[in-house]
Amino acid sequence: MTNKSMAHREKLLVALAGVFALSLAAAPEANAMHIMEGYLPGGFCIAWGVLCLPFVLAGFFSIRRTVQENRKALILLAMSGAFIFVISSLKIPSVTGSCSHMTGTGLGAILFGPSCVSILGVIVLLFQAILLAHGGLTTLGANTFSMAIAGPFLAWGLYALLSRLRVNRRVSIFLAAALGDLFTYCVTSLQLALAYPSQQGGVAASALKFLGVFAPTQVPLAVIEGILTVVIVIALESYAQPELKLIGYYREVK
Amino acid sequence: MKKKHMSKNTKTVLILLVIAVLIAVVPLFARKGASFGGSDDAGSVMVEEVRGASYEPWSTPVLENLLGGELPGEVESLIFCVQTGIGVGIIAFCMGRLVERKKWMKKYEKEQEETEEDGGIARDHAGDR
């Protein structure tokens, strides 16, 4: 019976999320790590939002499976989410003389796969959009795509590839997290460029310009994110081995 | 041997954390005059540059609408701290549990071994009698 009521509640949640996503698309607003509130034309907001929906839904199902199959692993899920919370709240000065913050999505992607992280990422983005005027509700779709989908997918893919190539695990985690972070900003640049093609040179020239703003600032931060992810994975490896085994963390390494 | 392994991990973690802090702090000294504004803001400046015209955001953040102005800087840092606090709280709570559990598990395993040994000894004594 509990199972039934749970499935019901989950369906309700998914439906609510769908309605919410639709209402967002209808009532245009925008976010910042993000792309700032109101900085993306309405059509783009809707398009990115719709593009995110399948991933976010997959995330719901993936988390539901985790919850049902191994509740013990929830502690790791909570920690991955909390890690994103912490990491994305730290604004760190960079060599370019401006501040930026990291995404922290690599950890969740490596442990649980990318779709799971899309949910965690959306929570953080909503928090920042509503309370901090950082990012925005209209650009939520675009920001979700860059931070909670594109970045984690790259991190996860890279990690899987590197562990298949038998690269040292910590090195793979470092590279996956760092490049995932960097990729998030590349996607953000691309999103801005698509919305604002340069008058001479079009999308490509514009993308380069935006990359010029984000990339140099982000490179050192990506390195920090890689380092912090490795640190927390070391901590988990020494204290949460049973849970890591449950979610198949050791499976890929033969 | 296990202990040696642990201390190697600890060393790695410490070195990594020092590097991370250095990367974060060095720019402050290297670029003394810089304002360290957000790169998101730099992004919006770039939007204007690429468009060749000033850009009026067509929507403003919810909270700014409600407040009728920008969130005060101090309050913004408060909320950022709240965000960090929530995250750190959860991580610290979970890590605390896991660390305690490991200690407890070790103790339990040791006791298990000891009771097995004790059992053997007790039986021997019984034989003596």
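Let's start with R170(A), which forms a salt bridge with E237(A), their closest N and O atoms being 3.7 Å apart. By salt bridge I mean a side-chain nitrogen of Lys or Arg within 4 Å of a carboxyl oxygen of Asp or Glu. This pair links distant parts of the chain, with R170(A) in helix α7 of chain A and E237(A) in helix α8 of chain A, 67 residues apart. A word on helices: they are DSSP runs of H or I with at least four residues, while strands are runs of E with at least two, and both are numbered from the N terminus.

Before going on, please keep in mind that this is a predicted model, where local features need pLDDT of at least 70 and side-chain atom pairs count only at pLDDT 80 or more, while totals for chains, interfaces and linings use all residues. Residues are numbered from 1 along each chain as its sequence is written, chains are lettered from A and ligands numbered from 1 in the order in which they are written, and side-chain values use heavy atoms, leaving out hydrogens and water.

Back to our glutamate. E237(A) also forms a salt bridge with R169(A), here with the closest N and O atoms 3.5 Å apart. E237(A) lies in α8, residues 202-239, and R169(A) in α7, residues 169-195, so this pair ties together parts that are 68 residues apart in sequence.

Is E237(A) buried or exposed? E237(A) is buried, at a relative accessible area of 13%. Buried means under 20%, exposed over 50%, and partly exposed in between, using a 1.4 Å probe and protein chains only. R169(A) is partly exposed at 21%, and R170(A) is partly exposed at 27%.

Now for a contact between chains. R101(B) forms a salt bridge with E243(A), with the closest N and O atoms 2.8 Å apart. R101(B) sits in helix α4 of chain B, residues 73-128, and E243(A) in helix α9 of chain A, residues 241-246, so the pair joins two chains. E243(A) counts as buried, at 5% relative accessibility. Over all chains, the structure holds 4 salt bridges.

Finally, have a look along α8(A). There is a kink of about 40 degrees at Q218(A), shortly before the proline P220(A); the bend is the angle between axes fitted to the seven residues ending there and the seven starting there.
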